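My entries follow the order in which I looked things up.

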Amino acid sequence: MNFKPIFNKEKRPILIAGPCSAETEEQVLSTAYGLANQGIDLYRAGIWKPRTRPGAFEGVGVAGLPWLRRVKEETGMKVTTEVATGQHVYECLKYGIDVFWIGARTTVNPFSVQEIADAMAGTDIPVIVKNPVNPDYKLWVGAIERLHKAGLRRIAAIHRGFSTYGDSKYRNVPRWQMAIDLMQEFPGLEVICDISHICGRRDILAETAQKAYDLNFDGLMVEVHSDPDKAWSDASQQITPERFGEMISTLVRRHSTSQDPDFQEQIESFRQQIDEFDDEIIQHIAQRMHLVREIGYVKKDKNVAIFQLERWRALAEACRIRAEKGDLSREFISMFLEAIHQEGISQQERIMNDGMVESTVTGDLWMND
Ligand code: PEP
Ligand code: MN
């Protein structure tokens with residue numbers, strides 16, 4: 001797929017800011033005036049709000065479109081709103097909305113995305129596609145493909161994190177790797193980070209914005225409200241226009257790379273060492289698996305179960321303590337050990353059982369020989 005930038009500008013980052021929802025004309029305009037001199041590229045406000053539970057504020061609907069047109073006329077900022085149906089697209093076209101965005105709850109539904117793509121076909125309006133609520137990379141790419149097939153080229157993606165069940169520091173866990181994969185697979189596609197829906201709270205917005213810059217995102221989407229505590233939706237994550245300005249001014253935008261020969265030389269030397277370590281790590285894991293298979297034969301001989309809870313607990317705890325001394329996070333080492341342990345189990349299963357067995361890590365089928 002080939003893409004065009006959503007705006008004709010070289011300067012990065014792309015900044016999108018504005019309230020979660022358009023509530024009243026006064027609120028839309030006062031927030032817009034607060035942002036007008038802050039160099040943002042696009043003013044956002046949702047007028048149709050897909051809410052997880054009924055009863056929450058579901059948006060003002062078409063009544064909000066003239067308010068956005070006023071923002072455009074009076075401040076000169078371009079405006080964007082969320083579209084979820086073909087009808088929304090037609091209404092927005094009537095009011096000169098500059099950019100459309102597709103929300104996370106819509107990206108999950110190929111019928112809706114197709115309807116939007118069909119309604120937009122023949123226009124050159126930029127469209128930005130949020131990731132689906134669940135971490136399904138193909139669904140995200142599929143939505144982009146549908147728009148591309150409809151002839152649209154000014155397409156960007158928005159990373160807004162993924163729904164999760166249970167405790168998390170984030171409202172929507174970022175799973176950064178999925179956005180990185182998208183950047184790698186489609187180098188011409190602009191990828192913007194919606195820090196507000198990832199964080200769900202104000203106190204970690206700045207650090208998350210810096211993280212997005214460090215990962216080379218093309219821009220940020222931030223929910224900004226003239227009176228955040230009184231917002232009709234997503235109050236806990238919205239910030240004032242002033243706070244937005246302060247936050248942006250503290251962020252450090254680093255270069256994507258440097259041609260400086262010293263830099264190149266240093267990096268090259270470190271990378272060589274890293275490659276050697278990677279090689280050793282793989283060799284060590286292979287040797288470890290060899291021992292795991294030997295244990296598999298011993299267990300098979302005595303008809304002993306593969307999974308040994310006490311051993312696994314002791315090993316995991318010992319490794320976690322060692323890992324902490326080496327400045328590795330518990331979270332990382334747990335994931336790493338679990339992957340190794342699961343691979344060990346599937347290798348022993350291969351020894352113990354006849355026929356095909358499934359690798360618990362990759363889902364691959366092994367032929368038991
Ligand atoms: C929004 O941007 O206000 C919104 C509803 O976001 P998401 O689709 O990411 O939940
Ligand atoms: Mn919101």
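**Entry 1: a helix pair.** I looked up the crossing of α5 and α6 and found that it is right-handed. I was working with a predicted model throughout. I noted α5 as residues 110-120 and α6 as residues 137-149. Their axes come within 8 Å and cross at roughly 25 degrees. Angles under 35 degrees count as roughly parallel, so I wrote down α5 as roughly parallel to α6.

Next I asked which residues make the contact. From α5 I listed Pro110, Val113, Gln114 and Ala117. From α6 I listed Leu139, Ala143, Arg146 and Leu147. I then sorted the residues of this contact by type: 6 are nonpolar, 1 is polar and 1 is charged.

**Entry 2: one cysteine.** I moved on to Cys92, which lies in helix α3, residues 86-94. Is Cys92 buried or exposed? I found a relative accessible area of 0%, so Cys92 is buried. I then looked up its contacts, leaving aside neighbours within four places in sequence. Cys92 touches Trp48, Leu65, Thr81, Val83, Ile97 and Phe100.

I also checked Cys92 against Trp312. The two are 220 residues apart in sequence. In space, their C-alpha atoms are 58 Å apart.

**Entry 3: the domains.** Last, I looked up how the protein chain is divided. I noted domain 1 as 14-250 and domain 2 as 261-367. How far apart are the centres of these domains? Taken over C-alpha atoms, 40 Å separate the centres of domain 1 and domain 2.

Conventions. Residues numbered from 1 in each chain as written. Chains lettered and ligands numbered in written order. Predicted model: local features only at pLDDT ≥ 70, side-chain atom pairs only at ≥ 80, totals over all residues. Heavy atoms only, no water. Axes fitted to C-alpha atoms, helices over the stretch in contact; angles between N-to-C directions. Helix = DSSP H or I, 4+ residues; strand = E, 2+ residues; numbered from the N terminus. Parallel < 35°, antiparallel > 145°, perpendicular 65-115°, else oblique. Left-handed = near helix turned anticlockwise from the far one by under 90°. Contact = heavy atoms within 4.5 Å. Nonpolar A, V, L, I, M, F, W, Y, C, P; charged D, E, K, R; others polar. Buried < 20%, exposed > 50% of the residue type's maximum accessible area, 1.4 Å probe, protein only. Domains from an automatic or database assignment.
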